[in-house]
Amino acid sequence: MDQSKKTMRHFYCRDVLWDTFEQMANDFDCSIDYLINEAMRHYARSKNYAGQQAPAPRHATGAGAAPGGGSGRRPPPPPSGPVAGGYSARRTVQHTGHRDAAPARRAPTTQRPPVEVAAPAASSTLILIFNNQRIPIEKDQFIIGRGSKTSDLAIKDGNISRKHAAVIRRNGTYYIKDLGSTNGIDYKGMRIDNKRIDEGDVFHLCDYELRFTYRS
(Lines give C-alpha, C1' and ligand atoms only; values in the text may rest on other atoms or scores of the structure.)
Protein backbone atom coordinates (compact mmCIF):
# COMPACT_ATOMS: atom_id res chain seq x y z
CA MET A 1 0.00 0.00 0.00
CA ASP A 2 1.25 3.47 -0.87
CA GLN A 3 1.65 5.04 2.59
CA SER A 4 2.16 8.52 1.11
CA LYS A 5 -1.27 8.53 -0.54
CA LYS A 6 -3.68 11.11 0.89
CA THR A 7 -7.45 10.67 0.75
CA MET A 8 -10.38 12.83 1.80
CA ARG A 9 -12.14 11.25 4.79
CA HIS A 10 -15.43 11.88 6.57
CA PHE A 11 -16.04 11.15 10.21
CA TYR A 12 -18.25 12.00 13.17
CA CYS A 13 -16.80 13.60 16.28
CA ARG A 14 -18.10 15.28 19.37
CA ASP A 15 -18.48 19.05 19.22
CA VAL A 16 -16.23 19.57 22.23
CA LEU A 17 -13.36 17.72 20.50
CA TRP A 18 -13.74 19.63 17.27
CA ASP A 19 -13.82 22.93 19.20
CA THR A 20 -10.66 21.90 21.04
CA PHE A 21 -8.86 21.11 17.77
CA GLU A 22 -9.97 24.44 16.30
CA GLN A 23 -8.53 26.25 19.30
CA MET A 24 -5.28 24.25 19.12
CA ALA A 25 -4.95 24.93 15.39
CA ASN A 26 -5.35 28.65 16.08
CA ASP A 27 -2.87 28.61 19.01
CA PHE A 28 -0.22 26.61 17.12
CA ASP A 29 -0.80 28.30 13.75
CA CYS A 30 -1.44 25.07 11.87
CA SER A 31 -4.36 23.23 10.29
CA ILE A 32 -6.83 20.94 12.04
CA ASP A 33 -6.04 18.06 9.70
CA TYR A 34 -2.35 18.41 10.61
CA LEU A 35 -3.22 18.05 14.32
CA ILE A 36 -5.40 15.01 13.66
CA ASN A 37 -2.65 13.37 11.57
CA GLU A 38 -0.10 14.10 14.31
CA ALA A 39 -2.34 12.61 17.00
CA MET A 40 -2.87 9.50 14.89
CA ARG A 41 0.83 9.20 14.08
CA HIS A 42 1.87 9.30 17.74
CA TYR A 43 -0.72 6.76 18.79
CA ALA A 44 0.47 4.41 16.04
CA ARG A 45 4.06 4.86 17.21
CA SER A 46 3.09 4.18 20.85
CA LYS A 47 1.54 0.88 19.77
CA ASN A 48 4.51 -0.10 17.58
CA TYR A 49 2.51 0.38 14.39
CA ALA A 50 4.83 3.01 12.92
CA GLY A 51 5.55 2.41 9.25
CA GLN A 52 2.65 0.00 8.66
CA GLN A 53 -1.08 0.11 8.24
CA ALA A 54 -2.71 -0.44 11.64
CA PRO A 55 -5.83 -2.60 11.83
CA ALA A 56 -8.99 -0.85 12.84
CA PRO A 57 -8.71 -0.73 16.68
CA ARG A 58 -11.49 -0.60 19.22
CA HIS A 59 -11.93 2.84 20.73
CA ALA A 60 -14.18 4.51 23.25
CA THR A 61 -16.59 7.07 21.92
CA GLY A 62 -16.89 9.18 25.08
CA ALA A 63 -15.77 12.80 25.35
CA GLY A 64 -12.21 11.65 26.11
CA ALA A 65 -11.74 9.88 22.75
CA ALA A 66 -9.78 11.73 20.11
CA PRO A 67 -11.30 12.26 16.65
CA GLY A 68 -10.47 10.01 13.71
CA GLY A 69 -8.80 11.07 10.49
CA GLY A 70 -6.54 9.69 7.79
CA SER A 71 -7.05 6.02 8.62
CA GLY A 72 -10.76 6.31 7.89
CA ARG A 73 -11.69 5.22 11.45
CA ARG A 74 -15.15 6.28 12.53
CA PRO A 75 -16.79 6.04 15.94
CA PRO A 76 -19.95 3.91 15.91
CA PRO A 77 -22.38 5.82 13.69
CA PRO A 78 -24.89 7.95 15.59
CA PRO A 79 -28.65 7.58 15.17
CA SER A 80 -30.18 9.26 12.16
CA GLY A 81 -30.48 13.04 12.16
CA PRO A 82 -28.02 15.92 11.80
CA VAL A 83 -26.90 15.70 15.47
CA ALA A 84 -27.57 12.63 17.59
CA GLY A 85 -26.06 10.80 20.55
CA GLY A 86 -23.86 13.78 21.38
CA TYR A 87 -22.01 13.72 18.05
CA SER A 88 -21.60 16.74 15.85
CA ALA A 89 -22.54 16.75 12.20
CA ARG A 90 -20.17 15.07 9.78
CA ARG A 91 -16.76 16.71 9.51
CA THR A 92 -14.50 16.67 6.46
CA VAL A 93 -10.74 16.62 6.77
CA GLN A 94 -8.18 16.59 3.95
CA HIS A 95 -4.69 15.23 4.60
CA THR A 96 -1.93 17.76 4.00
CA GLY A 97 1.44 16.60 5.19
CA HIS A 98 1.90 13.37 7.16
CA ARG A 99 2.03 9.82 5.96
CA ASP A 100 1.10 7.91 9.13
CA ALA A 101 -2.48 7.40 10.19
CA ALA A 102 -3.95 5.94 13.39
CA PRO A 103 -6.28 7.10 16.18
CA ALA A 104 -4.90 9.60 18.68
CA ARG A 105 -3.29 8.26 21.83
CA ARG A 106 -5.19 10.55 24.18
CA ALA A 107 -7.66 13.38 24.11
CA PRO A 108 -6.01 16.57 22.82
CA THR A 109 -5.42 19.37 25.26
CA THR A 110 -4.72 23.03 24.88
CA GLN A 111 -2.30 23.04 27.80
CA ARG A 112 1.20 24.23 27.10
CA PRO A 113 4.17 22.10 28.17
CA PRO A 114 4.72 22.27 31.97
CA VAL A 115 6.87 24.96 33.51
CA GLU A 116 10.46 24.08 32.77
CA VAL A 117 13.25 23.66 35.25
CA ALA A 118 16.12 26.11 35.47
CA ALA A 119 18.41 26.24 32.44
CA PRO A 120 21.74 24.42 32.68
CA ALA A 121 24.84 26.40 33.55
CA ALA A 122 26.48 28.31 30.71
CA SER A 123 29.59 26.12 30.94
CA SER A 124 27.64 22.89 30.20
CA THR A 125 28.28 21.09 26.92
CA LEU A 126 25.15 19.98 25.08
CA ILE A 127 25.21 16.47 23.61
CA LEU A 128 22.79 15.37 20.88
CA ILE A 129 22.07 11.62 20.89
CA PHE A 130 20.93 10.50 17.43
CA ASN A 131 20.90 6.90 16.16
CA ASN A 132 23.00 5.88 19.21
CA GLN A 133 25.63 8.47 18.32
CA ARG A 134 26.66 11.20 20.76
CA ILE A 135 27.22 14.46 18.89
CA PRO A 136 28.57 17.46 20.86
CA ILE A 137 27.01 20.79 19.90
CA GLU A 138 29.96 23.15 19.62
CA LYS A 139 28.50 25.85 17.37
CA ASP A 140 26.21 28.79 18.04
CA GLN A 141 23.92 27.47 15.30
CA PHE A 142 23.77 23.74 14.57
CA ILE A 143 21.60 22.96 11.52
CA ILE A 144 19.58 19.74 11.17
CA GLY A 145 18.08 18.96 7.77
CA ARG A 146 18.09 16.90 4.58
CA GLY A 147 20.79 18.88 2.76
CA SER A 148 24.25 17.36 3.25
CA LYS A 149 26.02 20.61 2.36
CA THR A 150 23.77 22.91 4.36
CA SER A 151 23.32 20.79 7.51
CA ASP A 152 25.57 19.86 10.41
CA LEU A 153 23.41 16.77 10.91
CA ALA A 154 22.04 15.47 7.60
CA ILE A 155 19.01 13.15 7.64
CA LYS A 156 18.37 11.66 4.21
CA ASP A 157 14.59 11.45 4.22
CA GLY A 158 12.12 13.17 1.91
CA ASN A 159 9.93 14.10 4.89
CA ILE A 160 12.78 16.14 6.39
CA SER A 161 13.12 19.67 5.00
CA ARG A 162 16.42 20.85 3.51
CA LYS A 163 16.93 23.07 6.57
CA HIS A 164 14.48 21.60 9.07
CA ALA A 165 15.59 22.81 12.52
CA ALA A 166 18.46 24.47 14.33
CA VAL A 167 19.99 24.17 17.77
CA ILE A 168 20.90 27.73 18.74
CA ARG A 169 23.21 28.81 21.58
CA ARG A 170 22.31 32.21 23.03
CA ASN A 171 24.10 33.60 26.10
CA GLY A 172 25.16 30.09 27.07
CA THR A 173 21.63 28.66 26.83
CA TYR A 174 20.56 26.26 24.08
CA TYR A 175 17.27 26.36 22.18
CA ILE A 176 15.79 24.28 19.37
CA LYS A 177 14.08 26.25 16.59
CA ASP A 178 11.92 25.21 13.62
CA LEU A 179 13.29 26.71 10.40
CA GLY A 180 9.95 26.79 8.58
CA SER A 181 9.93 23.05 7.87
CA THR A 182 6.98 21.25 6.32
CA ASN A 183 6.54 18.61 9.03
CA GLY A 184 7.78 20.57 12.02
CA ILE A 185 9.26 19.68 15.42
CA ASP A 186 7.29 17.50 17.83
CA TYR A 187 7.67 17.79 21.62
CA LYS A 188 5.50 15.69 23.93
CA GLY A 189 2.85 15.23 21.26
CA MET A 190 2.64 18.88 20.22
CA ARG A 191 4.17 20.76 17.32
CA ILE A 192 6.39 23.59 18.57
CA ASP A 193 8.18 26.51 16.97
CA ASN A 194 10.99 26.80 19.51
CA LYS A 195 11.91 25.68 23.04
CA ARG A 196 14.79 25.92 25.47
CA ILE A 197 16.60 22.58 25.67
CA ASP A 198 16.62 21.10 29.17
CA GLU A 199 18.32 17.95 30.44
CA GLY A 200 16.79 14.82 28.91
CA ASP A 201 14.54 16.65 26.44
CA VAL A 202 13.38 14.48 23.52
CA PHE A 203 12.14 15.95 20.24
CA HIS A 204 10.92 14.23 17.06
CA LEU A 205 11.47 15.28 13.47
CA CYS A 206 8.97 13.05 11.66
CA ASP A 207 10.01 9.53 12.76
CA TYR A 208 13.47 10.55 13.99
CA GLU A 209 14.24 11.00 17.69
CA LEU A 210 16.57 13.73 18.92
CA ARG A 211 17.59 13.30 22.58
CA PHE A 212 19.64 15.94 24.41
CA THR A 213 21.77 15.72 27.54
CA TYR A 214 24.30 17.89 29.33
CA ARG A 215 25.95 14.88 30.94
CA SER A 216 29.27 13.87 29.48
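## A tour of strands, salt bridges and turns

Start with two strands: β5 and β7 pair in the antiparallel sense, over 4 bridges. Keep in mind that this is a predicted model.

**Stop 1: strand β5**

Select residues 141–145. This is strand β5, and 4 of its 5 residues are buried, so the strand is largely enclosed by the rest of the structure. Now pick F142. Which residue in β7 is its bridge partner? The partner is V167.

Next, look for another neighbour of β5. The strand β6 is joined to β5 by 2 bridges, and these two run parallel. Pick G145 and look across: A154 in β6 stands opposite.

**Stop 2: a charged patch**

Leave β6 and follow the chain towards β7. The loop between β6 (153–154) and β7 (165–170) holds K156. Is K156 buried or exposed? K156 is exposed, with a relative accessible area of 61%. Together with K156 they gather in a patch of positive charge on the surface.

**Stop 3**

Select residues 202–205, which make up strand β12. In a regular strand the side chains alternate between the two faces of the sheet. Check each side of β12 in turn. V202 and H204 lie on one side, F203 and L205 lie on the other, and all four are buried. Both faces of β12 are therefore covered, since buried means under 20% relative accessible area.

How far apart are the C-alpha atoms of I129 and L210? They are separated by 6.2 Å, although the two residues are 81 apart along the chain. I129 lies in strand β3 (residues 127–130). It is partly exposed, with a relative accessible area of 23%.

**Stop 3: salt bridges**

Side chains of opposite charge can pair when their charged atoms come close. How many salt bridges does the structure hold? It holds 12. Visit three of them.

Go to helix α2 (residues 32–46) and select E38 and R41. Their closest N and O atoms are 3.0 Å apart, and they form a salt bridge. Why are they about one helical turn apart? Because they are 3 residues apart in helix α2. E38 counts as buried at 4% relative accessibility. R41 also counts as buried, at 3%.

Move on to K195 and D201. They form a salt bridge, with closest N and O atoms 2.7 Å apart. K195 is buried, with a relative accessible area of 6%. D201 counts as buried too, at 7% relative accessibility.

Then select R211 and E209. This salt bridge has its closest N and O atoms 3.3 Å apart. R211 is partly exposed, with a relative accessible area of 34%. E209 counts as partly exposed at 37% relative accessibility.

**Stop 4: loops**

Select N183, in the loop between β8 (173–178) and β9 (185–187). Is this residue buried or exposed? N183 is buried, with a relative accessible area of 6%. The C-alpha atoms of N183 and H164 are separated by 8.5 Å, and the residues are 19 apart along the chain.

Finish with two backbone angles. Most residues other than glycine have a negative phi. Click on N131, in the loop between β3 and β4 (133–136). N131 has a positive phi of about 50°, although it is not a glycine. This residue is exposed, with a relative accessible area of 55%.

Then click on K188, in the loop between β9 and β10 (190–192). K188 is not a glycine, yet its phi is positive, about 55°. It counts as partly exposed, at 49% relative accessibility.

Note on methods. Residues numbered from 1 in each chain as written. Predicted model: local features only at pLDDT ≥ 70, side-chain atom pairs only at ≥ 80, totals over all residues. Heavy atoms only, no water. Patch = residues over 30% accessible without salt bridge, like charges linked within 9 Å, V, L, I, M, F, W, Y side chains within 5 Å. Areas by Shrake-Rupley, 256 points an atom, 1.4 Å probe, with all protein chains shown as cover. Salt bridge = Lys/Arg side-chain N within 4 Å of Asp/Glu carboxyl O. Lys, Arg positive; Asp, Glu negative; His and termini not counted. Charge placed at Lys NZ, Arg CZ, Asp CG, Glu CD. Buried < 20%, exposed > 50% of the residue type's maximum accessible area, 1.4 Å probe, protein only. Pairing = 2+ DSSP bridges.
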